Amino acid sequence: MVNEEFLGTLAEFPSIQMDGDRSAAYLIALIEYSPIAIILLDAQHRYTMCNCAFERLFQYSRDELSNADLDELIAGPEMAEEAARLTYLVLQGTKVHRVAQRRRQDGMLLDVEIHGIPLIVEGELVGVYGLYQDVTERERARTAFRQISDRLENLQQEERRRIARDLHDSTSQELAVLNWNLRRIKIKVSEGDEDLKRLVDQTSEIALQCSASIRSASYLLHPPLLGEAGLMQALPRLTDGFEQRSGVRVALELCSGLGRFPNEVEVAIFRIVQEGLANVLRHSGSAVVRISLVTRDNWLQLHICDRGKRNSSRRSIKARNSGNGLGISGMRERVEQLGGCLNVDCNVEGTSIVAKLPTGIGLDA
């Protein structure tokens, strides 16, 4: 049986004529029996009614709700400012959607997804709907996933560091000895067989190329400058090396006084630039890449833009988004784990990647 409180309350609103027709009954039943906790407040943010799901969620009776300020009751002093800001927005006619913490009667904090919906009739605010859904378990799972992802990322960085160190300390040293021996051999055969001399020269050149490739691989796996000096020195080193290897010109713009940021933020920016440059080689064919990194308020914004082939097909555009390595999806996951966002605009004129990351607590340069 439908709660009579709804019939009396809804009749007070000029937009709802309680003449017993089916539409009114459907609306009442929808609110009353919804699994989503719903509360209705008037234009002064005073309690008007709620459904059973709201009572169960916050453990307050309708009488208790009618005699108290909702924000004070379920937000508590530590969340009062945030709750008051949301209330102000809704009372100004703005829809709000947030995930925030609210407190039920026994003191337990809940993660709730909140929808604040202004009820406007003929241009006038006559009330507010508040919808609350308990997402505590979802948020716990999301937090656990982030923690596992962070742990995996740390393990990957440590493994990259180990491999880079091994390449530098062992393989590079062995190649240096090989180059030295080849030079000695060349001296010994300087007046000998010309074919043998050419073979020694070719082998020496190959060894030098291997040394350069290993130095590049070691740096890309774990750039020492990133940890020592930050993005201001690591990114120019990365882009200069890319220009030399690929022939693609890179226009790099770093805002002055960039300073230092948390390690995970710097690593994320470096890897996104790395993957963006790799995508240019694999899919774009652009002769120029523009990269800018600026800070605005508490956000670090990275913009990578290339001028790809104008006859790029849908297939090539799709390939850019599903390329090997980190890939677009990997970039987005890395950024979102840090509380940021990533947008990719890929069309026949090129690709634009914009990543925004919260800077956290900046470190002195």
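In which strand is histidine 303 found? In this predicted model, histidine 303 belongs to strand 8, which covers residues 299–306. The residue is partly exposed, with a relative accessible area of 28%. Apart from neighbours within four places in sequence, histidine 303 is in contact with Arg290, Ile291, Ser292, Ser352, Ile353 and Val354. With serine 352, a polar contact of 2.8 Å is made from side chain to side chain. Valine 273, which is 30 residues from histidine 303 in sequence, lies 9.1 Å from histidine 303 in space, C-alpha to C-alpha.

Aromatic rings were examined next. The structure contains 3 aromatic pairs. In one of them, the ring centres of phenylalanine 54 and phenylalanine 58 are 4.9 Å apart and the ring planes stand at 50 degrees, so this pair is classed as tilted. Both residues belong to helix 3 (residues 52–58), where phenylalanine 54 and phenylalanine 58 are separated by 4 residues, about one turn of the helix. Phenylalanine 54 and phenylalanine 58 are both buried.

Phenylalanine 58 also pairs with tyrosine 132: the ring centres are 5.5 Å apart and the planes are at 90 degrees, so the arrangement is edge-to-face. This pair links distant parts of the chain, since phenylalanine 58 is in helix 3 and tyrosine 132 is in strand 5 (residues 124–134), 74 residues apart. Tyrosine 132, like phenylalanine 58, is buried. Through these ring pairs, Phe54, Phe58 and Tyr132 form a cluster.

A charge placed over a ring was also found. Lysine 356 lies over the face of tryptophan 299, at 5.4 Å from the ring centre.

Terms used: Residues are numbered from 1 along each chain as its sequence is written. This is a predicted model: local features need pLDDT of at least 70, side-chain atom pairs count only at pLDDT 80 or more; totals for chains, interfaces and linings use all residues. Side-chain values use heavy atoms; hydrogens and water are left out. Helices (H or I, at least four residues) and strands (E, at least two) are DSSP runs, numbered from the N terminus. Buried means under 20% relative accessible area, exposed over 50%, partly exposed in between (1.4 Å probe, protein chains only). Contact means heavy atoms within 4.5 Å. A polar contact is a pair of N or O atoms within 3.5 Å; within protein, one must be able to donate a hydrogen and the other to accept it, and residues adjacent in sequence count only if both atoms are side-chain atoms. Rings of Phe, Tyr and Trp (its six-membered ring) pair if their centres lie within 6.5 Å; planes under 30 degrees apart count as stacked, over 60 as edge-to-face and the rest as tilted. A charge sits over a ring if NZ of Lys or CZ of Arg is within 6 Å of the ring centre and within 35 degrees of the ring normal.
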